[in-house]
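Open the model in your viewer and show it as a cartoon.

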Amino acid sequence: MPLVRIDLCAGKSDDYRSTIGDVIYDAMVSALNVPKNDRFMVVSEHTLANFVADKTYLGIERSEDVVLIQVTLNEGRTIEVKKAFFMAVAEGLHSRLEMRMEAVFIS
């Protein structure tokens with residue numbers, strides 16, 4: 001049972017937050033082979049003062065729209081599978097919310 005934590009700056013709509021969860025869940029099912037209905041997520045919004053994501057770390061420019069995603073999984077997935085999951089999430093958020101792929105931080 002994966003556990004997903006999604007952190008972002010306050011002020012986004014319910015639909016926006018829900019779409020983030022949908023994209024992550026779809027990527028978990030398709031890339032990580034997570035069973036259907038195995039969906040456990042916590043979404044937390046933070047004031048700008050309480051949400052720190054360096055704006056230029058590693059030469060990547062970030063705005064206040066950065067989303068921090070933490071996924072806790074059982075071991076056993078290869079690096080290639082994890083990379084496919086990361087790409088599916090970033091591409092899905094870009095496609096559905098026009099989020100810059102660089103604004104997605106997954107741990």
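This is a predicted model: local features need pLDDT of at least 70, side-chain atom pairs count only at pLDDT 80 or more; totals for chains, interfaces and linings use all residues.

Two strands count as paired if DSSP finds at least two bridges between them.

**Stop 1: strand E3**

Select E3, residues 67-72. Three bridges join E3 to strand E4, residues 104-106, and the two run parallel. Pick valine 67; its bridge partner in E4 is valine 104. Now look for E1, residues 3-9. Five bridges join E1 to E3, and here the strands run antiparallel. Leucine 3 has threonine 72 as its bridge partner in E3.

Next, show the side chains of E3. Which residues lie on the covered face, and which on the uncovered one? Val67, Ile69 and Val71 are on the covered face. Leu68, Gln70 and Thr72 are on the uncovered face. In a regular strand the side chains alternate between the two faces of the sheet.

E3, H2 and E4 form a right-handed β-α-β unit.

**Stop 2: helix H1**

Select residues 14-31, helix H1.

Colour the buried residues of H1: Tyr16, Arg17, Thr19, Ile20, Gly21, Val23, Ile24, Tyr25, Ala27, Met28 and Ala31. An α-helix has 3.6 residues a turn, so residues three or four places apart point the same way.

Step past the end of the helix to asparagine 33. Asparagine 33 follows H1 and has a positive phi, near 60°.

**Stop 3: arginine 17**

Go back into H1 and select arginine 17. Is this residue buried or exposed? Arginine 17 is buried, because its relative accessible area is 18% and the cut-off is under 20%. Its side chain reaches the backbone oxygen of lysine 12 at 2.4 Å. Leaving aside neighbours within four places in sequence, arginine 17 contacts Leu8, Lys12, Val43 and Glu45. Then pick aspartate 7, ten residues away along the chain: the C-alpha atoms of arginine 17 and aspartate 7 are separated by 9.9 Å.

**Stop 4: serine 44**

Finish in strand E2, at serine 44. Serine 44 counts as buried, at 16% relative accessibility. Show what surrounds the residue. Not counting residues up to four places away in sequence, serine 44 touches Arg5, Ile6, Asp7 and Leu8.

Methods. Residues are numbered from 1 along each chain as its sequence is written. Side-chain values use heavy atoms; hydrogens and water are left out. Helices (H or I, at least four residues) and strands (E, at least two) are DSSP runs, numbered from the N terminus. The expected span of a helix is 1.5 Å times one less than its number of residues. Buried means under 20% relative accessible area, exposed over 50%, partly exposed in between (1.4 Å probe, protein chains only). Contact means heavy atoms within 4.5 Å. A polar contact is a pair of N or O atoms within 3.5 Å; within protein, one must be able to donate a hydrogen and the other to accept it, and residues adjacent in sequence count only if both atoms are side-chain atoms. A crossover is right-handed if, with the strands pointing away from the viewer, the path from the first strand over the helix to the second runs clockwise.
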